[in-house]
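Reader: I'm new to this one. Can you show it to me and take a few questions?
Author: Go ahead.

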Amino acid sequence: MTLALVVLLPFLGAIVAPLFAQAGRTAIAIASSLPPIVALAALYPHWSTLAAGGVLVQTHEWLPAIGLSLSFRLDGLSLLFALLILVIGVLIILYARYYLKKHENVGKFYSLLLLFMGSMLGIVLSSNLLLMLIFWELTSVVSFLLISFWNYKQDARRGARMALAVTGGGGLALLAGVLLLGQIVGSYELDDVLAAADTIKASSLYPVALTLVLLGAFTKSAQFPFHFWLPHAMQAPTPVSAYLHSATMVKAGIFLMARLYPALAGTELWFYMVSFTGMATLLIGAYTALFKHDLKGLLAHSTVSHLGLITLLFGMGTKLAAIAAVFHVINHATFKASLFMAAGIIDHETGTRDMRRINGLWQFMPHTATLAMVAAASMAGVPLLNGFLSKEMFFAESLNLNLPGIWAYLPPVVATLAGVFAVAYSARFIHDVFFNGKPVDLPIYPPHEPPRYMKIPVEILVFACVMVGVFPTFAIGPLLYAAAEATLAGPVPEYHLTIVHGFNLPLLMSFLAFFLGLLMYTQRQRFFDFHARFREIDEKAVFEAAVSRVVEWARRFIEVLENGSLQRYVLLLLLATLAVTIVPITSLGFNVGSLGISPIDLPTTVGSLILIGCALGAAAMHRERLYALILLSVVGLMVALTFARFSAPDLAMTQLSVEVVTIVLLMLALYYLPSWTPREASLFRRWRDAIIALVAGSGMFLITLAMLTRPLDSISRYFLENSVEGGGGSNVVNVILVDFRGFDTLGEITVLAIAALGIYAMLRETKLTAPPTDGQGHPWSTDAHPTILKQISRPLLPLALMVSAFIFLRGHNMPGGGFIAGLITAVAIILQYIASGMTWSHQRMPFNLQTPVALGLFIATATGLASFAFGYPFLTSTFSHIHWPVVGDFELASAMAFDIGVYLTVVGATLMILASLGRLTNQSEVKPGAY
Amino acid sequence: MLTSAHMMALTPVILVCATAVTVMLGIAWRRQHAATALVSILGLNLALVSLYLVYSAGDVSTPLLVFDRLSMLGMVLVLASTLACLTMSHAYLEGYPGRKEEFYLLMLCAAAGGMVLVASQHLATLFFGLELLSMPLYGMLAYTYRDKRSLESGIKYLVLSAAATAFLLFGMALLYSQSGRLDIAGLLAGLESSGGGAWALAGAGLMLVGLGFKLSIVPFHLWTPDVYQGGPGPAATFLATASKAAVFIVLLRIVMVAPAFHVEWLHTVLGGLALLTMIVGNLLALIQTNLKRLLGYSSIAHFGYLLVALVVADGLAVETAGIYLITYLMTTLGAFGVVTLLSSPYSGEDASALHHYRGLFWRRPYLAAVLTVCLLSLAGIPFTAGFIGKFYIVALGVEAGRWWLVGGIIAGSVIGLYYYLRVMVTLYLVEPGMRGRDAPDNWGMKAGGVVVLGLALLVIAFGVYPTPVIDWMSVLTSPVH
C-alpha cells in the first residue's frame with residue numbers, strides 16, 4: 001500500500017496545492033513541499049530491506065482483462081530515481097517560490113509540478129509495464145503543459161507542441177513495443193518480463209520489440225536524431241527546465257533502458273543500436289553546446305550530450321558500464337540541476353541569458369558565482385567532484401570495448417573528444433559569465449545576489465557534488481550498489497569508488513581532455529568563426545518546416561480532391577469504385593450464359609429504340625424541365641409496354657397508373673422551379689461526363705447480359721403455381737397483394753395512410769411563394785381553368801369510375817385489382833381538380849379525404865379479424881363462386897373485401913397527397929380569385 | 001410464422017417506430033417542441049429498457065433479422081447515440097425560428113433504420129435498414145435550409161449517397177446472381193459451393209464501396225468534411241455516431257461470417273484502405289481551421305483504426321471493435337455536443353471556426369473542460385476512454401502481426417496528437433478583446449449540457465475503470481456467430 005500511496009501523494013497535492021494560491025507564494029510552496037517530504041518519510045523504512053538486496057512488490061488488481069494491474073515495485077534502481085525525483089523536487093519547489101513573480105499563476109504551476117512529480121514517480125515505481133506506460137504518457141502531457149506555462153509566448157507554445165509530438169509519438173511506439181513484449185512473455189508484470197529474458201531474446205519478434213521500446217526511450221531521453229525537442233523545451237520557466245529537462249523526465253528513457261536491461265540487453269542488436277545512438281548524441285550535443293550563446297541553450301545541449309553518454313554506457317553491454325551509467329545519472333542530475341538553477345538566478349537578476357552580454361558577474365554575485373563554478377567544474381570533470389568519477393569510469397569502459405580492428409579506437413577517441421568539448425563549454429560557462437570584462441547593456445543593472453533562500457537549493461546540490469566527489473563510498477556507495485544490483489538483476493561485479501585509481505590510461509584521457517578543452521576555449525574565436533561558416537540549423541525551424549511541408553501537401557491534396565464540388569466528388573467516387581472492382585470486372589469479359597441471346601423482333605427493337613432515345617433526350621434536355629418531363633413520361637410508358645410485351649399485363653397496368661400519378665406530382669413541383677436552367681458545364685466537362693457514363697453503362701451492359709442469360713429460379717414460380725388453388729385468382733399480382741402477402745399489404749396501406757396524413761399535416765401551414773412569372777419572364781395565364789379541358793373532364797369522371805369498378809371486380813383473375821382501381825379513381829378525381837380548381841371540386845365532394853382512408857383501413861382490418869370468427873388465423877382467405885345474372889360466373893373471395901379496403905385507402909391517400917401539394921400551388925397563386 | 005418470441009424480440013424496433021408515428025401524429029395535431037422532444041426521449045428510453053428484456057430472453061433468429069448479442073450491442077449503441085443527439089437537438093433547435101418538431105421525427109426514423117440494419121442477416125433488411133437510416137439524414141442535414149451550407153450539405157449527401165447505394169445494390173445483385181440466395185449466411189454458403197470467382201469478388205468489392213461510403217473510408221470519404229461542416233450540429237453528430245456505428249456493425253457481421261470476405265485479395269484491399277484512411281484522415285485534419293471539419297477528418301481517421309479489426313477478423317476483433325466503437329461514440333458525442341451547444345441555428349452558421357473557441361475556457365470553463373477531455377480521449381491519452389480503445393486496437397494489430405497497420409496507427413496518432421493539441425491550446429489562450437460565440441447562459445441546466453457533462457465523466461470513468469464494459473463486451477462477443 002505504501003508505494004501506491006507514495007505515487008498518489010503528489011497527485012493529491014496537485015489538487016490541494018492550488019487552494020493555497022490565494023495565501024501567497026510561501027504558503028503554496030510549503031503546501032506543495034509536504035507531499036514529497038511525506039513520501040520520502042514513507043520510503044525511509046524500506047531502506048534496510050533494499051540495502052540487503054530485497055525487492056518490494058505490491059500488487060493491486062485493476063484491469064485484469066488487459067493485463068493492467070496497479071503493481072508497484074521498489075528496488076535499488078527505483079529507489080535511486082525516486083530519491084532524485086523527490087529530493088530535487090523539494091528543492092525545485094523552494095527555488096520556484098522565489099523564481100516566480102507574484103502576479104503569475106502560481107497555483108497552476110505548483111499543481112502541474114506536483115502532477116509531474118506523481119507521474120514520474122509512477123514511472124519509476126511501476127512494476128507493470130502498461131502502468132508504466134500510462135505514467136509515461138502523463139509525463140509527456142504534463143511536460144507539454146509546463147513548457148507552455150507562459151502560453152502567451154508563441155515560441156513556448158511551439159516548443160511545447162514539438163516536445164509533445166516527439167515524446168508522445170515515442171510513447172506510442174513504446175506502447176506497441178510493450179504490447180509486443182507482453183505478447184512474447186504472456187504478462188506485463190516486470191518480474192515475469194525480466195525472468196523471461198532468454199525467451200524474449202530468442203523470439204523472432206525481438207528486433208521489432210527492441211526497436212519500438214528503444215524508440216520510446218530515445219525520444220524521451222532526447223537521443224539523436226530526436227534530440228532537437230529538448231533545447232526548444234527551454235522556453236519553459238527555469239525551475240521546469242532544471243527539474244524536467246535535466247534531472248528527471250529526460251532520464252525516463254534512461255530509466256527504461258536500465259529497467260529492461262536484463263531483459264533486452266546483451267545482444268549484438270542492442271549493442272549497435274544503443275551505443276551508436278549514444279555516441280552520436282554525445283558528440284553532437286557536446287559540439288553544439290559550445291556555440292550556444294544562450295545560457296540555457298548551452299546547458300540544454302550539454303544535457304543532450306550527457307544523456308548520450310549514459311546511453312552509450314548502457315549500450316556497451318558490460319556490467320561495469322551499466323554501473324557507471326547509473327552513477328552518472330546521479331551525478332548529472334545533481335550538477336545539471338544546480339547549473340540550471342544558477343542560470344535561472346542569473347536570468348532573474350540580469351534580465352537576459354545571452355552570454356555575450358552577461359560578463360564579469362563575479363563582482364556582483366560572488367556567492368552564486370562560486371556555486372555555479374563548482375557545478376560547472378563538475379560538469380567538465382574536474383577531480384574531487386562527482387562528474388570526474390563517473391567520467392573516469394566512462395573512459396575506462398570505452399577502452400574495454402572489444403570492437404574489431406580499427407573500430408576499437410572509435411569509442412575512446414569519441415569519449416575524449418566529447419570530453420574536450422565538455423571542458424571547453426564548461427570553461428565558457430564559467431569564464432564568459434563571471435569574468436571576461438564588464439557586462440554589456442544589461443536590462444537590469446546592477447545585478448545583485450538573489451534572495452537568501454533561492455540559493456539554498458543550489459547550495460545543497462553543489463554540496464552533494466562535492467561530497468560524492470570526495471567521499472564517494474560514504475556518500476553514495478550503498479545506494480549505488482543497491483541500484484546496480486537492481487539494474488543488473490544479478491551479481492554485481494567488483495568495482496571501486498575511489499577518487500583516483502592510480503595513474504592509468506583513463507586518467508591520461510581526462511588530462512588530455514582537460515588540457516585540450518582549455519586550449520579550445522582560449523582559441524574559441526577561431527572555432528566560432530569556423531562554426532559560423534556553416535548555416536546554423538535551427539531544429540525548430542526544420543521541424544516546423546517539415547510540418548508546414550506536410551500541411552502544404554495536404555492543402556494541395558485537398559485543393560485537387562476536395563474542393564467542395566459535388567460533380568468532382570461523384571467523379572472520384574466512380575473512379576474509386578472502378579479501382580476497387582477493376583480486377584473482377586475485367587476478368588468477367590463478354591460473358592453470355594447458358595440461355596443464350598433471345599431472338600430480336602421488330603416491336604421489341606422499336607420499343608427499346610424509343611426507350612433509349614427518350615432516356616437520352618431526357619438527359620440532354622434536362623435544362624428545360626417540361627420537355628424533360630414529357631420525355632421521361634414516355635420512358636415510363638415504354639417500360640409499361642415492355643411489361644405488356646413480356647406477358648405481364650398486370651405489372652404493365654400497375655406501372656401505368658403509378659406513372660400517371662408520379663408525373664402529376666412532378667408537374668406540381670415543376671411550378672416552383674424555373675422552367676429553364678442556363679448551361680454551366682464546359683464542353684470538356686460534358687465530354688468527360690459522357691465518356692464516364694458510357695464506360696459505366698458498358699460495364700452495366702456486360703453484367704446485365706451475363707446475368708440475364710443465366711437460368712434464374714425465384715419465388716415467382718411458387719406464386720404462379722399456387723395462385724389459383726391457394727388464392728382463387730389467376731392475377732398473380734393481385735393474389736399476392738391481397739392473399740399471399742395480405743399481412744404485408746395491410747401494413748403497406750397503413751403506411752400509405754400515415755404518410756398521407758403526415759404530408760397533409762406538414763403542408764397544412766407551409767407557405768411557398770410562387771414565382772410571379774415563368775422562366776422567360778412571361779406572366780402566368782390568368783385563365784386558370786380552360787373551358788375545353790373543364791368540359792371534357794367532367795364526363796370523364798363517371799366513365800373513369802366505371803372503369804375502375806370494372807377493373808376492381810375483375811382484378812382477382814384478370815389484370816386489375818383494388819390497388820390499380822384506386823389509382824385510376826384518384827387520377828380521375830385529380831383531373832377534376834386540375835380542370836376545375838380546388839374549390840369547385842371540394843364543394844362537390846360529398847366527403848373529406850380523410851374518410852376513405854380511415855374507412856379503407858377499417859375494412860381491411862375487419863376482413864382480417866373476421867377470419868377469427870371462423871376459427872382461422874388472422875387474414876385467412878376463403879373463396880367461392882356465385883352466378884350473377886348479367887356478369888355470369890363470378891368468383892367471390894373474402895380477399896375481395898380486403899381489396900375494397902385497399903382501394904379506398906389508395907384513393908384517399910393519393911388524393912390527399914396530391915391535393916395537399918396542389919393546395920400549396922393554389923394558395924400562392926398571384927390572383928387568388930382566379931378560379 | 002410470427003411467434004410471440006419474435007414479437008418480443010422485435011419490441012425495441014417496434015417501440016421506436018411507434019414513437020416516430022406518435023411524434024408525427026402529434027405534430028399533425030399540435031406543434032409543441034418540448035413535448036415532442038419528451039415523447040421522443042421517452043420512446044427511446046422505453047426501447048432501451050425493452051432491449052434489456054430482449055437480451056435476457058436470449059437469441060432470436062428470423063429469416064430477415066437476427067437478435068443476437070452483436071445486434072444487441074449495435075442497438076444499444078444506436079439508441080444511446082440517438083438519445084444523446086436528440087437531447088442536444090432540443091438545446092440546438094430551441095432558438096430555431098422555423099419548424100422544430102420534424103427533426104425528431106426524422107431522427108427517430110433514422111434510429112429505427114439503424115436498429116434494423118444492425119440486426120439484419122438478409123440483404124433485403126440490410127438494404128432497407130441502410131436506406132431508412134440514410135433517407136431521414138438528407139432531411140436532417142438540410143433542415144436549417146435557409147442556411148446555404150446546410151442545404152448544400154443535404155444535397156451533397158443525397159446525391160453521393162444515392163450513387164454509393166447504387167453500387168451497394170449492384171454488389172448485392174452480383175452476389176445474388178452467383179448464389180441465388182439473399183440471406184447472408186446462405187449467400188455465403190452458396191458462394192462457397194459455386195466457387196464465387198470474379199463475380200463474387202466484384203460483388204463483395206461493390207458492397208464494400210457502398211458501406212465504405214457510409215463509413216467515410218478513404219477514398220470514399222470526400223463528402224464527410226463538407227457535410228459535417230454544413231449540416232446542423234445534431235445532424236452531423238448523428239451522422240458521425242449512430243449512423244456510422246450501425247453501418248460498421250453490419251459490415252463487421254458480414255466480414256465475420258462471410259468466406260467471400262476471407263479472400264486474401266479483399267484483406268489486402270481492406271488493409272490498404274485502413275492504412276490510407278488513417279493516414280489521409282489525420283493528415284488532412286492537420287490543416288483544418290474549422291472544428292467541425294477537423295472532427296470530420298478525425299472521425300475518418302478513427303474508422304481507419306477500426307478497420308484494423310475487420311482486417312484481422314478473428315474472435316478478439318469483435319471485442320476490440322466493440323470497445324473501440326464505444327469509446328469513439330462517447331468521445332465524439334461529447335465533442336460534437338459542445339460544438340452543438342455553442343451553436344444555434346438562430347444566429348447563422350454553426351460556431352465551428354477554430355477562432356470561435358479562442359479562450360473558451362475563460363468564458364465557459366466547464367464546456368472547455370468537456371471539450372478538452374474529449375480531445376484528449378480522441379488523441380488516446382491515458383485515463384480517458386480513447387486510450388483503452390487505442391490500446392485494444394494496437395494490441396490486436398500486434399497480435400495479428402499486421403506491422404504496417406500498427407505503424408500506421410502510431411504515425412496517425414502522432415499526427416493526431418498534434419492537431420488535437422492545437423485545438424486544446426486554443427481553448428486556453430488568453431487574448432484580450434476576444435469575444436467568441438457563447439452558449440446560452442444556463443446551458444448547464446439544460447438537458448444538452450447535462451448530457452455532454454455526463455459524457456465527459458463517462459469518458460474519464462471508462463478510461464480509469466473500463467472493466468465493466470470490457471466484461472460486457474467479452475460476454476457479448478464470446479460465442480462468435
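Reader: How many salt bridges are there across the interface of chain B and chain A?
Author: Across that interface the rule finds zero salt bridges. A salt bridge here is a side-chain nitrogen of Lys or Arg within 4 Å of a carboxyl oxygen of Asp or Glu.

Reader: What should I know about the model before going on?
Author: This is a predicted model, in which local features need pLDDT of at least 70 and side-chain atom pairs count only at pLDDT 80 or more, while totals for chains, interfaces and linings use all residues. Residues are numbered from 1 along each chain as its sequence is written, chains are lettered from A and ligands numbered from 1 in the order in which they are written, and side-chain values use heavy atoms, with hydrogens and water left out.

Reader: Back to the interface. How many residue pairs are in polar contact across the interface of chain B and chain A?
Author: The rule finds four, with both residues at pLDDT 80 or more. A polar contact is a pair of N or O atoms within 3.5 Å; within protein, one must be able to donate a hydrogen and the other to accept it, and residues adjacent in sequence count only if both atoms are side-chain atoms.

Reader: Which helix gives the largest share of the side of chain B that touches chain A?
Author: Helix 6 of chain B, residues 148-179, with 14 residues. Helices are DSSP runs (H or I, at least four residues), numbered from the N terminus.

Reader: And by class, what does that side of chain B have?
Author: It has 58 nonpolar, seven polar and nine charged residues. Ala, Val, Leu, Ile, Met, Phe, Trp, Tyr, Cys and Pro count as nonpolar, Asp, Glu, Lys and Arg as charged, and the others, Gly among them, as polar.

Reader: How many residues are in contact, chain B with chain A?
Author: 74 residues of chain B with 70 residues of chain A, where contact means heavy atoms within 4.5 Å. The area buried between the two chains is about 6,300 Å², and carbon and sulfur atoms give 81% of that. Buried area is the accessible area (1.4 Å probe) that two parts lose on being put together, summed over both.

Reader: New topic. How many residues does the largest nonpolar core have?
Author: It has 416, and those with the most contacts inside it are A:Trp229, A:Leu264, A:Trp270, A:Phe314 and B:Leu126. Helix 17 of chain A, residues 319-350, gives the most to this core, with 19 residues. A nonpolar core is a set of buried Ala, Val, Leu, Ile, Met, Phe, Trp, Tyr and Cys residues joined through side-chain atoms within 4.5 Å. Buried means under 20% relative accessible area, exposed over 50%, and partly exposed in between (1.4 Å probe, protein chains only).

Reader: What is B:Leu126 in contact with?
Author: Beyond its neighbours within four places in sequence, its contacts include B:Leu117, B:Leu168, B:Met172 and B:Ile254. A second, separate core has 36 residues, A:Leu857 and A:Val902 among them.

Reader: How many salt bridges over all chains?
Author: 18. In one of them B:Glu101 pairs with B:Arg31, with the closest N and O atoms 2.9 Å apart. B:Glu101 lies in the loop between helix 3 (69-93) and helix 4 (102-119) of chain B and B:Arg31 in the loop between helix 1 (4-29) and helix 2 (33-57), so the pair ties together parts 70 residues apart in sequence.

Reader: Are those two buried or partly exposed?
Author: B:Glu101 is buried, at 5% relative accessible area, whereas B:Arg31 is partly exposed, at 24%.

Reader: Which residues are linked in a network of salt bridges?
Author: A:Arg73, A:Asp75, A:Asp191 and A:Arg259. The side chains of A:Arg73 and A:Asp75 meet at 3.2 Å, N to O, and both residues are buried. A:Arg73 is also one of the residues in contact with A:Ser127, which is buried at 1% relative accessible area.

Reader: Where is a peptide bond cis?
Author: One joins A:Phe224 and A:Pro225, with omega about 0°. Another runs from B:Val218 to B:Pro219, with omega near 5°. Most peptide bonds are trans.

How values were computed: Helices (H or I, at least four residues) and strands (E, at least two) are DSSP runs, numbered from the N terminus.
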